[in-house]
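Me: Hey, can you walk me through this one? I'd like to start with what's around the ligand.

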Amino acid sequence: MTDKYAVIGHPISHSKSPLIHQAFALQTRQDISYQAIEAPLDGFKSTIERLVSEGYRGCNVTVPFKFEALKLCKQLTGRAQAAQAVNTLFFRDGDILGDNTDGVGLLADIEQNLACKLLFKRVLLLGAGGAAHGVIWQIFNAGATITVANRTLEKAQQMVSEFAPYGTVIASTFEGLEGKSFDVVINATSSSLANELPPLPKGLFKHKSLAYDMMYGKQTPFLKFAAEQGASQCTDGLGMLVEQAAEAFFKWREVRPETAAVIAQLRK
Ligand code: NDP
């Protein structure tokens, strides 16, 4: 029997996750279906309950439901616990279990696909929502020093507070970035979804800086700004999307798909 999976978000029509998981299933000969489902903003829990009752095996969770997903879980992996956000759910015997594959996905894309090692790099992480929570632990573990800048400063402060005893992690407003520069700047805000640029000061990018927008599939205002400001490498989040999906697929199906061909296929 075909095992059913889905991605839940709001909005969701732009999602490439169904294409990616179908490509993985074909490649690894897994009998699964995978669809995109838009939950109403006040209807995430009831949507998940419906999927469980209809016999789905699991789902991915995207903007803006990653914190709500955490609250629904009976059990969490260590990385979901560290992130305090969940992007992958497993439905087993009536229980909901949560994982977070965003950090692994981002690291695989930056360090392996883009060959940019983060050890001792100065990383600026923009945003303090579900996506930023999902990746900060892995960036920290890779040996980078991190500044988290967010529109709402308190959320950035809350996010960095647990890391402060172990290394350099600073919270900032966007204005507070004036006069600073970074090796890697990651846009984990949802500003690109609205085709907006966070109010960033000039001078953030050095000649060899990497600008990374987690949004994918278009030239975002952030990537345009970074290129104009002299970042040498500007990339969207398509590689991360495929890598985090591969990790979720591996955890669900216990078979690891190849990612390079799928990334190349989607880039076309
Ligand atoms: P959330 O809704 O959880 O968080 C949104 C964040 O963006 C908050 O920090 C919010 O700030 C900030 N923000 C929203 N609008 C603006 C704006 N106009 N200017 C500045 N800051 C803004 O979303 P997620 O964290 O789940 O997702 C963020 C983005 O990352 C989305 O675009 C999503 O598609 C992408 N993503 C991509 C992935 C990939 O695999 N490529 C994986 C995960 C996410 P405040 O706290 O002040 O409200």
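Me: Which helices each supply at least two residues of the shell around the ligand?
Reply: Those are helix H6 (130–141) and helix H9 (238–253). Keep in mind that this is a predicted model.

Me: OK, and which helix gives the most to that shell?
Reply: H9 does, with 3 residues.

Me: How many residues surround the ligand in total, and which are the closest?
Reply: There are 25 residues around the ligand. The closest are Ala 131, Asn 150, Thr 152, Glu 196 and Met 214.

Me: What kinds of residues are in the shell: nonpolar, polar, charged?
Reply: The shell splits into 10 nonpolar, 10 polar and 5 charged residues.

Me: And which domains do they come from?
Reply: Domain 1 (3–100 + 240–267) and domain 2 (103–236) each put at least three residues into the shell.

Me: Let's zoom in on the atoms. What does the backbone of Gly 130 do here?
Reply: A backbone N or O atom of Gly 130 lies 2.9 Å from an oxygen atom of the ligand. Gly 129 has a backbone N or O atom 3.4 Å from a ligand oxygen. For Leu 241, a polar backbone atom is 3.3 Å from an oxygen atom of the ligand.

Me: So how much of the ligand does the protein cover?
Reply: On its own the ligand has 930 Å² of accessible area, and the protein covers 89% of that.

Me: Which pocket is the ligand in?
Reply: The largest pocket: that is the space the ligand takes up.

Me: New topic, the backbone. Where are the cis peptide bonds you mentioned before we started?
Reply: One runs from His 10 to Pro 11, with omega near 5 degrees. Pro 11 sits in the loop between strand E1 (3–9) and helix H1 (17–28). Another joins Val 63 and Pro 64, and omega is about 5 degrees there.

Me: Where does Pro 64 sit?
Reply: In the loop between strand E3 (58–61) and helix H3 (66–72).

Me: Why point those bonds out?
Reply: Because most peptide bonds are trans.

Me: What about Ala 115, is its phi positive or negative?
Reply: Positive, near 55 degrees, and Ala 115 is a residue other than glycine. Most residues other than glycine have a negative phi.

Me: And where is Ala 115?
Reply: Ala 115 belongs to the loop between helix H5 (102–113) and strand E7 (122–126).

Key
Residues numbered from 1 in each chain as written. Predicted model: local features only at pLDDT ≥ 70, side-chain atom pairs only at ≥ 80, totals over all residues. Heavy atoms only, no water. Near = heavy atom within 4 Å. Polar contact = N/O pair within 3.5 Å; in protein donor to acceptor, adjacent residues only side chain to side chain. Areas by Shrake-Rupley, 256 points an atom, 1.4 Å probe, with all protein chains shown as cover. 1 Å grid on protein atoms, 1.4 Å probe; cavity = no way out; pocket = protein on both sides within 12 Å on 5 of 7 lines; lining within 4 Å. Sits in = over half its atoms within 2 Å of the grid points. Helix = DSSP H or I, 4+ residues; strand = E, 2+ residues; numbered from the N terminus. Nonpolar A, V, L, I, M, F, W, Y, C, P; charged D, E, K, R; others polar. Domains from an automatic or database assignment.
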